[in-house]
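Visitor: Could you take me through this structure? I would like to start with the overall build and then turn to the details.

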Amino acid sequence: MEQKEQIAPHDDPDVQLMLRFQQGNQEAFRQLFQKYTPSVANFAFHFLGNRARAEEITQEVFLQVYRWQQRYEPKAKFSTWLFKIAHNHCLNEVRKGEYRATVESISPQEDSDGEERGRELPDTHPSKGEDVLAAKQASARITKILRRLPETQRTALTLSRLEGLSYQEVAEVLGVTEKAVKSLVFRATQSLKDGLKDIMDSYDL
Amino acid sequence: MICEDMQEELVAYCDGELPEEDGAQIAAHLSTCSACSRDVAQYTRVNTLLMEQVERISPSPDFAATFWQRLEQEKRTLPAQESRLSRWWREWRESLTGWQMMPALAGAASILVFFGYIVSDRGPTGGQPTGNNPPPVNTSPPVKRPPTPEVPALVREKAGLFVNYRVIADLEKFSRFDEIAAVQLPEEPPTSIAENDIPRDLLEKPGFFANYPMLQKMEELKNLETVLDAPPDGNDKSHG
């Protein structure tokens, strides 16, 4: 397996963009916003399970980046700093109490008979009808499993697998050790493996 | 280590998170253990499935426009970006409270007076005063001076700006910063200066004695630019 590459903060091009923004370059901020909006929005979406709130939080995160531009110090990759802000915002959102997770937008849709029904995904392989069905089922099942994972496991898994952070970077975001992240990712992966077992056995996915 | 205990390592191996040496050991083990090889294949499949099939959102079409609009609103409420000097000044000023402000104000007044002195005809070299220049200030207690004019309401409202009269009077003698810096503020605020002419509420604020002409001068010379641009004032009324 290929080892993940670790780069020094100053070698991170996004750190350089942030430093340019810190010196007053608004275009640098615009570039960071465009590059990271989808990642932050999806991170918040998987954390909160609500699209509207995820978008709201994403805006808050970038406003915070703007407000804190002078506090920024290039101690880590820019994405690590950004996801730390995003994680804190998501935690605050959940802890507000007034927040009610509307799982309907993320939980698997079920038919009246209780059967899971996949989301409408682009039909990229019309000739492989069974694979398409399996993909839809897998998508719904993954959503369901993610929702049921403990928050730290879900965060570690999504940051590591979906946003490409290393264990060390995830550890910085969560404020835990790298060893703890390794354990969190392992347990989350086990849950996914167990939850997707029948789908993987039935279809060639 | 038996295979069951290696599962955490296998997942980290799939994620490319093991150090090179540990990764090589796992690879060597996998070449001889079919059970662990099968597990690795499953973990890899789970990873692939997750990345390919997890639901992902794209921000709404108006997301970016809404954000830049919010940012513009935010900018209007944010304080203007401070220079290092202004931030230092603000933090220093905020760190001073109450009595600590007295020497600070006296110091600020000293600098203003000094610059006022420079721009006057006398200059810092101590040249002979011209006929238009005010006479040197008598540093003895000004008991023989004409009474200070009645302190207007404006002065009353700005009692905190008043400086110690004796300090100002002493400063008139100095022409260098080190001399000004060496001035010791009196521990006991003077109370005998035109006392009858100063309102009670000002007297009750120790250390801040009204010198209305000096205040007027200070109001004229609010900042360095003003001081430097000020024409030599041959009709300085601040000395009565």
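Predicted model: local features only at pLDDT ≥ 70, side-chain atom pairs only at ≥ 80, totals over all residues.

Visitor: Understood. How many helices and strands are there in chain A?

Guide: Chain A contains nine helices and two strands. Read from the N terminus, the order of its elements is α-α-α-α-β-β-α-α-α-α-α.

Visitor: And what share of chain A is buried?

Guide: Of the 205 residues in chain A, 40% are buried. As for contacts with a separation of 6 or more in chain A, 63% join residues 24 or more positions apart.

Visitor: Let us look at α4(A). Which of its residues are buried?

Guide: Among them are A:Phe78, A:Trp81, A:Leu82, A:Phe83 and A:Ala86. The list also includes A:His87, A:His89, A:Cys90 and A:Glu93.

Visitor: What do those buried residues pack against?

Guide: The buried residues of α4(A) pack against α1, α2, α3, α6 and α7 of chain A.

Visitor: How far does that helix reach?

Guide: Helix α4 of chain A covers residues 78-95, which is 18 residues, and spans 26 Å from its first C-alpha to its last. That is close to the 26 Å expected at 1.5 Å a residue.

Visitor: Changing topic: at what angle do α6(A) and α8(A) pack?

Guide: The angle is about 95°, and the axes of α6(A) and α8(A) lie 8 Å apart. Therefore α6(A) is roughly perpendicular to α8(A).

Visitor: Now the two chains. How many residues of each are in contact?

Guide: In chain A, 38 residues are in contact with 33 residues of chain B. Helices α2, α3, α5, α6 and α8 of chain A each supply at least two residues of the side that touches chain B.

Visitor: What is the class make-up of that side of chain A?

Guide: The side of chain A that touches chain B has 20 nonpolar, ten polar and eight charged residues.

Visitor: One last item, α3 of chain B. What is its length, and which residues are buried?

Guide: Helix α3 of chain B, residues 34-53, has 20 residues and reaches 28 Å from first C-alpha to last, close to the 28 Å expected at 1.5 Å a residue. Its buried residues include B:Cys36, B:Asp39, B:Val40, B:Tyr43 and B:Val46. B:Leu49, B:Leu50 and B:Gln53 of α3(B) are buried as well.

Methods
Residues numbered from 1 in each chain as written. Chains lettered and ligands numbered in written order. Contact = placed C-beta atoms within 7 Å. Helix = DSSP H or I, 4+ residues; strand = E, 2+ residues; numbered from the N terminus. Nonpolar A, V, L, I, M, F, W, Y, C, P; charged D, E, K, R; others polar. Expected span 1.5 Å × (residues − 1). Buried ≥ 20, exposed ≤ 12 C-beta atoms within 10 Å, placed from the backbone. Axes fitted to C-alpha atoms, helices over the stretch in contact; angles between N-to-C directions. Parallel < 35°, antiparallel > 145°, perpendicular 65-115°, else oblique.
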